[in-house]
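Subject: Structure for your review

Hello,

Here is the structure for you to look at. My notes on it follow below.

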Amino acid sequence: MRKISIIGSTGSIGRQALEVIEKLPDKFEIIALACGHNAELLKQQAEKFKPRYTVLGEEGLEKICSDKENDIILVACSGKIGLKPTLKAIRNGIDIALANKETLVMAGDLVMAEAKKYGVNIVPVDSEHCAIHQCIKDINQVDKLIITASGGPFLHKSTDEMKSATVEQTLAHPRWNMGKKITVDSATLMNKGLEVIEAHYLFGFDYDNIEVVVHPQSIIHSAVEYKDGSVIAQLGLPSMHIPIQYAITYPERFEGIKSKSFSFSDIARLDFEKPDFEKFPSVKLAYDMGKIGGSATVCMNAANEEAVMAFLAGEIKLCNIYEITKKMCDEHEPVKNPSLDEIFEIDKFVREKTKNLIQSHKFVI
Ligand code: MG
């Protein structure tokens, strides 16, 4: 029996994690379920899964992450609220199944150093990093990480079509069903940029040794190239159940959620192409900010998130997200090795500044 808590149990990843746990009833005991707002669903989940306790809102997260009864905590909330609880859990020696992007994008150096210090496993849930995690046997023998990207709904649309895209068109992701923020990020490919930064911290690879390749079918979830030129990839149908189950059951594997066997002949073909950095400049911006390091990625993440929210609210166009984020990054004076307090200060400052820029109507449609 593995004792687990889920932070963000009512979100897309949290709900699917409970579906996995439902299939493996004798493998897990749930200590706590936590969510931000959806009290009704949290109540239903509590009745069904009988955790020892539930937490609504940010307040109680500290309690969960200090509870050493936990063998593992799935951090599946979105946004910066994932960062502090994750660090707390690491400092209590609790393993982490990590689905929260901001944790590494905002504080990768800090989080990985603490994980090393406390001997904690951070197993990624994101399908790409989970794939790489599965492909790496001896990290010292790996030369390059190859991260695949579906390309999102605008892959083969013109730049003009993309500029005038509606929220609805942007949210119509061809392969993955996810939350709204990450779906917009997938349409601009900023999501891939964030994943490159996460991969840099998780696996300790230089940015020049992390490559992005567009693969529209989303069957190869990522790959690694070994020193001798051998490439090992992880394949599977595009379902988040698989990486979630891998992360929370690691290093074991169970049948669990598997519904049918993978068939190469059903897939028939796999396509690949180079990402178009001109059409999707967010990926390049992420590489550039990642290479600068320190607070540069904190700034980029904060500006991007505020701009995505403004796009979802109909205040700006899709193409403005990049323009705004780039402007904020250009004006940011990066801080090297920022402390946790500095990270949150910079995050707050950039968000305010981004909101002001958007409200200044310079970017209004
Ligand atoms: Mg992903």
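**Aromatic residues and a surface patch**

Phe 264 counts as exposed, at 59% relative accessibility. Throughout this note, buried means under 20% relative accessible area, exposed means over 50%, and partly exposed is in between (1.4 Å probe, protein chains only). This is a predicted model, in which local features need pLDDT of at least 70 and side-chain atom pairs count only at pLDDT 80 or more, while totals for chains, interfaces and linings use all residues. Residues are numbered from 1 along each chain as its sequence is written, and side-chain values use heavy atoms, with hydrogens and water left out.

Phe 264 is found in helix α12, residues 264-267. Helices (H or I, at least four residues) and strands (E, at least two) are DSSP runs numbered from the N terminus. Together with Leu 237 and Phe 262, Phe 264 makes a nonpolar surface patch of about 280 Å². Patches are made of residues with over 30% relative accessible area and no salt bridge; like charges are joined within 9 Å, and nonpolar side chains (Val, Leu, Ile, Met, Phe, Trp, Tyr) within 5 Å. The salt bridge in that rule is a side-chain nitrogen of Lys or Arg within 4 Å of a carboxyl oxygen of Asp or Glu. Accessible areas come from the Shrake-Rupley method with a 1.4 Å probe, and for residues only the protein chains shown count as cover.

The search of the whole structure finds 4 aromatic pairs. The rings of Tyr 246 and Tyr 250 have centres 5.6 Å apart and planes at 55°, so this pair is tilted. Tyr 246 is buried at 8% relative accessible area, whereas Tyr 250 is partly exposed at 28%. Phe 262 and Phe 264 form an edge-to-face aromatic pair, 5.1 Å centre to centre with 90° between the planes. Phe 262 is partly exposed, with 32% relative accessibility. Ring pairs also link Tyr 207, Phe 277 and Tyr 287 into a cluster. For these pairs, rings of Phe, Tyr and Trp (its six-membered ring) must have centres within 6.5 Å; planes under 30 degrees apart count as stacked, over 60 as edge-to-face and the rest as tilted.

**Magnesium site**

The magnesium ion has as protein donors Asp 126 (OD), Glu 128 (OE) and Glu 195 (OE), which lie 2.1 to 2.2 Å from the ion. Along the chain, the donors follow the spacing D-x1-E-x66-E. Asp 126, in the loop between β6 (122-124) and α6 (127-135), and Glu 195, in helix α10 (residues 190-203), are 69 residues apart, and the pair links distant parts of the chain. Both are buried: Asp 126 has 13% relative accessibility, and Glu 195 has 1%. Donors are N, O and S atoms within 2.8 Å of the metal (3.2 Å for Na, K and Ca); water is not among the atoms, so sites may look incomplete.

**Cysteines**

How many disulfides does a search of the whole structure find? The count is 0, with a disulfide being a pair of cysteine sulfur atoms within 2.5 Å. The sulfur of Cys 65 has its closest cysteine sulfur in Cys 77, at 9.0 Å, too far for a bond. For Cys 135 the closest cysteine sulfur is in Cys 130, at 9.4 Å, also too far for a bond. Cys 65 is buried at 1% relative accessible area, and Cys 135 is buried at 5%.

Regards
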